[in-house]
Amino acid sequence: MGKSLISNHIRKLRFNQDEMTQQQLADKVGVTRQTIVALEQGKYSPSLELAFRIAGVFKLPLEDVFFVENKQV
């Protein structure tokens, strides 16, 4: 059985939003820049609350920011 990972479009969305920096997004959602880096690199899956806050910044539904990616193990 494969492992499911939560992936995202955060990097693309930041650049489409007036080239928002990682720090600017971090400030808007109340986390560190390192958390945004880890999210973008797929090293960290956000809490549901954080995922909704990030989607809210971009004014998009959750599923337009985050998606499940199945990896074969």
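**Exercise 1.** Is E49 buried or exposed, and at what relative accessibility?

*Solution.* The model is predicted, with local features needing pLDDT of at least 70 and side-chain atom pairs counting only at pLDDT 80 or more, while totals for chains, interfaces and linings use all residues. Residues are numbered from 1 along each chain as its sequence is written, and side-chain values use heavy atoms, with hydrogens and water left out.

Step 1. Take the cut-offs: buried is under 20% relative accessible area, exposed is over 50%, and partly exposed is in between (1.4 Å probe, protein chains only).
Step 2. E49 has 54% relative accessibility, so E49 counts as exposed.

**Exercise 2.** Find the salt bridges of the whole structure and place each pair.

*Solution.* 
Step 1. The criterion is a side-chain nitrogen of Lys or Arg within 4 Å of a carboxyl oxygen of Asp or Glu.
Step 2. In one of them, R14 pairs with E40, and the closest N and O atoms are 2.5 Å apart. This pair links distant parts of the chain, since R14 is in helix α1 (residues 10–16) and E40 is in helix α3 (residues 33–40), 26 residues apart. Helices here are DSSP runs (H or I, at least four residues), numbered from the N terminus; strands are runs of E, at least two residues. Both R14 and E40 are buried.
Step 3. R53 and E49 also form a salt bridge, at 3.4 Å from N to O. Both lie in helix α4, four residues apart, about one turn of the helix. An α-helix has 3.6 residues a turn, so residues three or four places apart point the same way. R53 has 33% relative accessibility and therefore counts as partly exposed.

**Exercise 3.** Describe the packing of α2 against α4.

*Solution.* 
Step 1. Helix α2 (residues 22–29) packs on helix α4 (residues 48–57) at about 120°, and their axes are 9 Å apart. The axes are lines fitted to C-alpha atoms over the stretch in contact, and angles run from 0 to 180 degrees between N-to-C directions.
Step 2. List the residues in contact (heavy atoms within 4.5 Å). On α2 these are L25, K28 and V29, and on α4 they are L50, R53, I54 and V57.
Step 3. Sorted by class, the contact has five nonpolar, no polar and two charged residues. Nonpolar covers Ala, Val, Leu, Ile, Met, Phe, Trp, Tyr, Cys and Pro; charged covers Asp, Glu, Lys and Arg; the others, Gly among them, are polar.

**Exercise 4.** Where does F58 lie, and which residues does F58 contact beyond its neighbours within four places in sequence?

*Solution.* 
Step 1. F58 is in the loop between α4 and α5 (62–65).
Step 2. Its relative accessible area is 7%, so F58 is buried.
Step 3. With neighbours within four places in sequence set aside, the contacts of F58 are I10, L13, R14, Q17, M20 and L25.

**Exercise 5.** Examine phi at D18 and E19.

*Solution.* 
Step 1. Most residues other than glycine have a negative phi, and most peptide bonds are trans.
Step 2. D18 is not a glycine, yet its phi is positive, about 55°. E19, also a residue other than glycine, has a positive phi near 50°.
Step 3. D18 lies in the loop between α1 and α2, and E19 is placed in the loop between α1 and α2.
Step 4. D18 counts as exposed at 76% relative accessibility, and E19 counts as exposed at 57%.
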